[in-house]
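Here is a brief report on helices and nonpolar cores. Look over the sequence and the model before reading on.

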Amino acid sequence: MLDLGHQSFDTFSTDWYPDRYDPNIGITVRQHMEMIYDICADFAHQFGKRPANLLLFGAPGLGKTHLSAAIAREVSGKGFSVVYDTAAHVFERFEAQKFGRDEAERDVERVMNCDLLILDDLGTELTTAFVQSALYQIINGRLLEKKSTIVSTNLMPEAIAQRYSPQIASRMEGEYQLLPFVGEDIRALKKKRGL
């Protein structure tokens with residue numbers, strides 16, 4: 001489990017998002033991100049009632065990891081099992097399992113069987129045929145078992161199809177709620193303001 005630090009719904013502020021109209025989304029950037037916040041908070045509050053999946057995508061520094069961590073905090077606080085890890089580390093564990101390492105076997109089982117899997121930073125790993133296969137196994141296996149999954153990535157959905165496979169992208173686009181993150185890099189804005 002990654003360190004959740006101070007990341008919670010209470011510490012997420014939509015003030016960092018510009019209050020300017022964006023013709024691509026038909027509302028202001030801030031209004032759009034308030035909707036994204038509400039969907040993520042609702043996902044966490046309703047967790048366990050029915051399986052649901054989210055794809056959080058957009059440029060770096062827009063709050064995807066913060067909201068993923070907030071969901072993890074809330075859902076694990078209700079007693080559900082949550083695995084929150086980077087995609088690169090999860091794929092590393094799948095590879096270790098392939099070579100018969102016992103501790104990796106447990107890690108892979110945890111990834112496949114937890115109530116909620118949060119796969120952070122998909123697309124930062126080196127994409128190989130093995131990684132494509134492992135990702136398919138995770139996405140498809142968890143859908144079949146009706147287990148909830150959240151994937152966060154800097155890749156757009158069309159780039160997921162190119163990088164991994166059309167089958168993976170199709171499952172995500174059909175079975176996941178797609179949440180496009182927009183705005184300006186909040187980390188850069190905070191640095192500029194000395195925060």
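## Terms and model

Contact here means heavy atoms within 4.5 Å. The model is a predicted one.

## Helix H3 and its surroundings

Helix H3 covers residues 87-98, twelve in number. From first C-alpha to last, H3 reaches 17 Å, close to the 16 Å expected at 1.5 Å a residue. Its buried residues are Ala87, Val90, Phe91, Arg93, Phe94 and Ala96. An α-helix has 3.6 residues a turn, so residues three or four places apart point the same way.

Glycine 100 follows H3, and its phi is positive, near 75 degrees.

## Helix H1

Helix H1 runs through residues 29-45 and has 17 residues. Its first and last C-alpha atoms are 24 Å apart, close to the 24 Å expected. Buried in H1 are Val29, His32, Met33, Ile36, Cys40, Ala41, Phe43 and Ala44.

## The nonpolar cores

The largest nonpolar core has 32 residues. Ile71 and Leu116 have the most contacts inside it. At least two core residues come from each of H1, strand S3 (53-57), helix H2 (64-77), S4, S5 and helix H8 (186-192). H1 gives the most, with seven residues.

Leaving aside neighbours within four places in sequence, leucine 116 contacts residues including Phe43, Phe47, Ile71, Val75 and Val83. Arg142 and Ile150 are also among its contacts. Another core, of 28 residues, lies apart from the largest one. Among its members are Ala87, Phe91, Val108 and Leu117.

Technical notes. Residues are numbered from 1 along each chain as its sequence is written. This is a predicted model: local features need pLDDT of at least 70, side-chain atom pairs count only at pLDDT 80 or more; totals for chains, interfaces and linings use all residues. Side-chain values use heavy atoms; hydrogens and water are left out. Helices (H or I, at least four residues) and strands (E, at least two) are DSSP runs, numbered from the N terminus. The expected span of a helix is 1.5 Å times one less than its number of residues. Buried means under 20% relative accessible area, exposed over 50%, partly exposed in between (1.4 Å probe, protein chains only). A nonpolar core is a set of buried Ala, Val, Leu, Ile, Met, Phe, Trp, Tyr and Cys residues joined through side-chain atoms within 4.5 Å.
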